[in-house]
Amino acid sequence: MYRFYISFFLLSIYFVVSGQSTSLKGLVKDVYSNEPLAFVNVVIYNSTTGTTTDMSGEFELEIKDREFVQLELSFLGYKSFITEEIMTSSIRSNFVEIYLEPTTKELSEITVKASPFAQKTESPVSLRRIGIDQIEKSAGANRDISKVIQSFPGVGSTVSFRNDIIVRGGGPSENKFYIDGIEIPTINHFSTQGASGGPVGMLNVDFIREVDFYSGAFPVARGNALSSVLDFKQKDGSKEQADYKAVLGASEMGFSVSAPLSRKTTGFASIRRSYLQFLFKALDLPFLPTFTDFQFKTKTRINTKNEISFLGFGAIDDFELNENASDTPDNQYILSYIPVNKQWNYTIGANYKHFYGKSYLSVITSRSHLNNEAIKYRDNIKDAQNLIYDYQSQEIENKFRTELHSKFLNINFNTGLSFDDVHYKNNTYRQDYQNASLLQISYNSELRFLKYGVFASAAIPVLNDRVNLSMSFRMDANSYSNNMSNLLKQFSPRFSASVQLDTPIFFNFNLGRYYQPPSLTTLGFRDNNESLTNKSNGIKYIYADHLVAGFEYRPNSYSKITLEGFFKKYNDYPVSVTDSVSLASKGGDFGVVGDEEVISIGKGKAYGFELMARQRSAKGLHFIAAYTFVRSKFTNIQGQYVPSSWDSKHLFTTTINKTLKKNWDIGVKWRFVGGLPYTQVDENTTKLKKAWDATGREYLDYSAYNQKRLADFHQLDIRVDKKYVFKNWSLGIYLDIQNLYNYKTKEPVKYVQQLDASGLPIIENPDADPNEQRYIFDKIITENGTVLPTLGIIVEF
């Protein structure tokens, strides 16, 4: 399979009203009352440079010779706090709002110091905070968050050109994404409906401030996930001046603006458009993708007690065939089965906050809409007789959620409820070959039902903060069927604890149950009689019990080493009636997942351990070294455990970033992924003419599902940055090279029809009964992996 996303940035131009010095301004507030805090000590972390806030809670710091800084804040009656990395520029305006949490303890009583790494009582394990410095400078990531998180423990991957998120042996459909508290269904272009992957990220990371990545111990307010939650926090728009950015590259162009809209309102917006179709055509690839995306946010500070944000994201993706591509075996194979695909999606939402006393209320509402269309003709001859696949689907979700955050007697409470109005449509026609019979599957489906949930948590510090406990629960249900309508059936209790054993050593623990409904493609599947097959089969919520425990060692103020063991036990997973495979093993390819008959009898288990060493030095040396041992198995329809498609066993990643003198930066990443299981081809079925004509590709031998393994995968990426700063402008140049030593991995055998002199497929037994006729095939071995350089020039003025 070809690498899908090829980027070669040539020029980025920033148009900014500029000053010559780097000045960071900020505002410090109480997290509950939203009141500004005067006389807070603000120091650049691991330095003696600092200041204090004025009577309005504002501060200003001069930053010298640093592009990224962390701030340490301390104030009597409040917990000390260390921010995530803040990106600064000598050209644009730099502003940040920081919230401090009050405490009832005297400063001298506090024995646990603030950490530069993310800490949350509800999630003392399995939480990694990703800063903007890692997103901007990570080698091989191209500022794509899905690739950045591959540096962290527990995160696997499928093939190098896709952004599927595989966490601790769970499938790509088990992840959820939130931006500023608003859930979005996908963060990738050309996404796989029913899962979460895709080849290209759709978020503009220029506006991302930080990302909390949970591989377990999910916050109770973030429901319906089984493997991970990504919680993005965006920057606010510029308060002082308009900042503009234009990007022109070999694969895309974009424009963004950040500006004050009024005295109380700031905002930003961006739009990006690719022209990959021209690049792919020049490279003689058999498909021509094009994407467009947009992103915006406004924030209005109505007064001290009230503020509201509006935000939106969207994408338009077109995928055409290049039928003029060279007639190579690889191109012939891809053109034989891949459909023409058109997809668009958007999410718009609002987040209103009201502050009072020691509490604040969030009211969050949003609308997400996905439209997915695909069509395929046999031999790409566009007439009705050759139609083998015609798919049109829409998913619409109108969401409402309230959260109340409060503090009483040093206990933090979080309670809330949610309602979702879900609307699903699907018009499907496809041909398939099952049980020695050619089938035509044709149905129209439309669903509308409600989802509803309630949640609560309490975080309790004891023994002078040496022990932190969290107890929480969540209940979810929906009106789709009687099996899912009772909240008590999806009761999800969780318990977490963090214990300081010695000054630098902590023991952390989490035990919880997590529920997720099957995808809408599964809930809305109908048979040819228009019956909701899976509803009749008694489909249920999927649930997983998580147990995570480990130790954290902090040898100094800028390093930590963690060891975590995890065990996940799954129940009621949908299993395909057609091929007997658990849906947990599907979703790592393009198209649609889950639109088939299933029964909720599947079980699964994923277990292993993670070891991570992480450093964020004030001298500019940042590194992450992460090793994961993971096993992942799910039952088939006979109840037998078989390796899942994500059973990689071993994952290892080393990521190093170093800031050198004279504005040089260098980044290196080496990644190893153990060989993933795969299923051999059912050659007898594949060669049958009527079977091949139905789908245009091989059939797998599901009686030997995932009994083979690919070779191990490893890759070295390197990035070098150089920045020149002049009086009123700056010039940045970077070179990023992925797969530096050109490692190639062999993919499973593919079958390509042999053609005669007229370009028609050759039939081995033309005189036989049509049901017994067989094509003659060539077997081809394809390799994945190539050296991919990216050159960038960035001008700010």
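These are my notebook entries on a predicted model.

**Ground rules**

I number residues from 1 along each chain as its sequence is written. Because the model is predicted, I take local features only at pLDDT of at least 70 and side-chain atom pairs only at pLDDT 80 or more, while totals for chains, interfaces and linings use all residues; side-chain values use heavy atoms, with hydrogens and water left out.

**Overall form**

I looked up the secondary structure and found eight helices and 48 strands in the protein. Helices (H or I, at least four residues) and strands (E, at least two) are DSSP runs, numbered from the N terminus. The radius of gyration is 27 Å, close to the 28 Å that the globule rule gives for 797 residues, so the protein is as compact as a globular protein of that length. That radius is taken over C-alpha atoms, and the globule rule is 2.2 Å times the number of residues to the power 0.38. Along the principal axes, the C-alpha atoms fill a box of roughly 90 × 60 × 45 Å.

I then checked burial: 58% of the 797 residues are buried. Here buried means under 20% relative accessible area, exposed means over 50%, and partly exposed is in between (1.4 Å probe, protein chains only). The protein exposes about 31,300 Å², and carbon and sulfur atoms supply 57% of that area. These areas come from the Shrake-Rupley method with a 1.4 Å probe; for residues, only the protein chains shown count as cover.

For contacts (heavy atoms within 4.5 Å), I took the pairs at least 6 apart in sequence. Of these, 67% join residues at least 24 apart.

**Arg-301**

I found Arg-301 in strand β23, residues 287-303. Arg-301 has a relative accessible area of 15% and is therefore buried. The side chain of Arg-301 makes a polar contact of 2.7 Å with that of Glu-97. A polar contact is a pair of N or O atoms within 3.5 Å; within protein, one must be able to donate a hydrogen and the other to accept it, and residues adjacent in sequence count only if both atoms are side-chain atoms. Setting aside residues up to four places away in sequence, I list Glu-97, Asp-236, Lys-264, Thr-266, Asn-306 and Glu-307 as touching Arg-301.

**Asn-508**

Asn-508 belongs to strand β32, residues 505-516. I read a relative accessible area of 5%, so Asn-508 is buried. Its side chain and that of Ser-498 are joined by a polar contact of 2.7 Å. Beyond its neighbours within four places in sequence, Asn-508 is in contact with several residues, among them Pro-124, Val-125, Val-548 and Glu-552.

**Phe-117**

I located Phe-117 in the loop between β10 (95-100) and β11 (127-131). Its relative accessible area of 5% makes Phe-117 buried. Not counting residues up to four places away in sequence, Phe-117 touches Tyr-558, Ser-559, Lys-560, Arg-614 and Arg-616.

**Aromatic rings**

Rings of Phe, Tyr and Trp (its six-membered ring) pair if their centres lie within 6.5 Å; planes under 30 degrees apart count as stacked, over 60 as edge-to-face and the rest as tilted. The Tyr-433 and Tyr-699 rings have centres 6.2 Å apart and planes at 75°, so I log the pair as edge-to-face. Tyr-433 is in strand β28 (residues 411-434) and Tyr-699 in the loop between α8 (689-695) and β41 (708-709), so the pair ties together parts that are 266 residues apart in sequence. Tyr-433 is buried at 10% relative accessible area, and Tyr-699 counts as buried at 11%.

I also noted a cluster in which ring pairs link Phe-190, Phe-280, Phe-287 and Phe-319.

**Charges over rings**

A charge sits over a ring if NZ of Lys or CZ of Arg is within 6 Å of the ring centre and within 35 degrees of the ring normal. I recorded Arg-222 over the face of Tyr-178, 4.8 Å from the ring centre. The charged end of Lys-722 sits over the Tyr-724 ring, 4.8 Å from its centre.

**Positive phi**

Most residues other than glycine have a negative phi. I noted Lys-662, not a glycine, with a positive phi of about 60°. Lys-662 is in the loop between β38 (649-660) and β39 (664-673), and counts as exposed at 70% relative accessibility. Asn-706 also has a positive phi, near 55°. I placed Asn-706 in the loop between α8 and β41, where it counts as buried at 5% relative accessibility.
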